[in-house]
Amino acid sequence: MKLFKLVLLMSLIAGPAFATPADREDDLGVGAMAGTVTGVTATKWMDTHRAFDIAYGANPDAESQVHADHLWTFEAGLPWRIMPYGGVGLGAGFNRELDNQERDIDAFARVPVGLSWYADRVPVGVFAEIAPSFIVTPVATGYMDANLGARYHF
């Protein structure tokens, strides 16, 4: 909740003072996320609108997951330079309980969608994302991930 308040405060106060980066090509962003799982995230930009994202996170119940996504960002003209994005990805979960079934390891596909804000004058980006996910093995089922995060860009 504290991270959400920080993201909201940054958007309302600092958002209008910054412009969307003209060129993110080859940028690397490293940061943290909190939500369904809490952990680390990194994004490597291929060009201004396309990136690869990887993340690892865990929760207090010792459940964890790792995922990798291919993301597309869209310039939508939203206020405060907020940009929607979407993508596709794959991942693996460890020691998770879903649908009252214990799973040592599972594989899943996901479709992340979210909103991001990237400052131009400071190398920081923040995001809010949901990701409908479908476990394909060992037993098929669906679930939803939701995370807030921030990254520092190099």
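A residue is called buried when its relative accessible area is under 20%, exposed when it is over 50%, and partly exposed in between. By that rule D47, with a relative accessible area of 28%, is partly exposed, and in this predicted model D47 forms a salt bridge with R50, their closest N and O atoms being 3.4 Å apart.

**Salt bridges**

- R50, the partner of D47, is likewise placed in the partly exposed class, because its relative accessibility is 28%.
- R151 forms a salt bridge with D53, with the closest N and O atoms 3.1 Å apart, and this pair links distant parts of the chain, since R151 lies in strand β9 (residues 141–153) and D53 in strand β3 (residues 50–58), 98 residues apart.
- Both R151 and D53 are buried.
- D69 pairs with R110 in a salt bridge whose closest N and O atoms are 3.0 Å apart; D69 is in strand β4 (residues 64–73) and R110 in strand β6 (residues 101–110), so the bridge ties together parts that are 41 residues apart in sequence.
- D69 and R110 are both buried, and they belong to a network of salt bridges that also includes E129 and D145.

**Strand residues and their contacts**

- S116, in strand β7 (residues 113–118), counts as buried because its relative accessibility is 1%, and beyond its neighbours within four places in sequence it is in contact with residues including R81, Y85 and F127.
- P84 is found in strand β5 (residues 82–98), and its C-alpha atom is separated by 5.7 Å from that of F74, 10 residues apart along the chain.
- Leaving aside neighbours within four places in sequence, P84 is in contact with several residues, among them W72, F74, G114 and L115.

Terms used:
Residues numbered from 1 in each chain as written. Predicted model: local features only at pLDDT ≥ 70, side-chain atom pairs only at ≥ 80, totals over all residues. Heavy atoms only, no water. Helix = DSSP H or I, 4+ residues; strand = E, 2+ residues; numbered from the N terminus. Buried < 20%, exposed > 50% of the residue type's maximum accessible area, 1.4 Å probe, protein only. Contact = heavy atoms within 4.5 Å. Salt bridge = Lys/Arg side-chain N within 4 Å of Asp/Glu carboxyl O.
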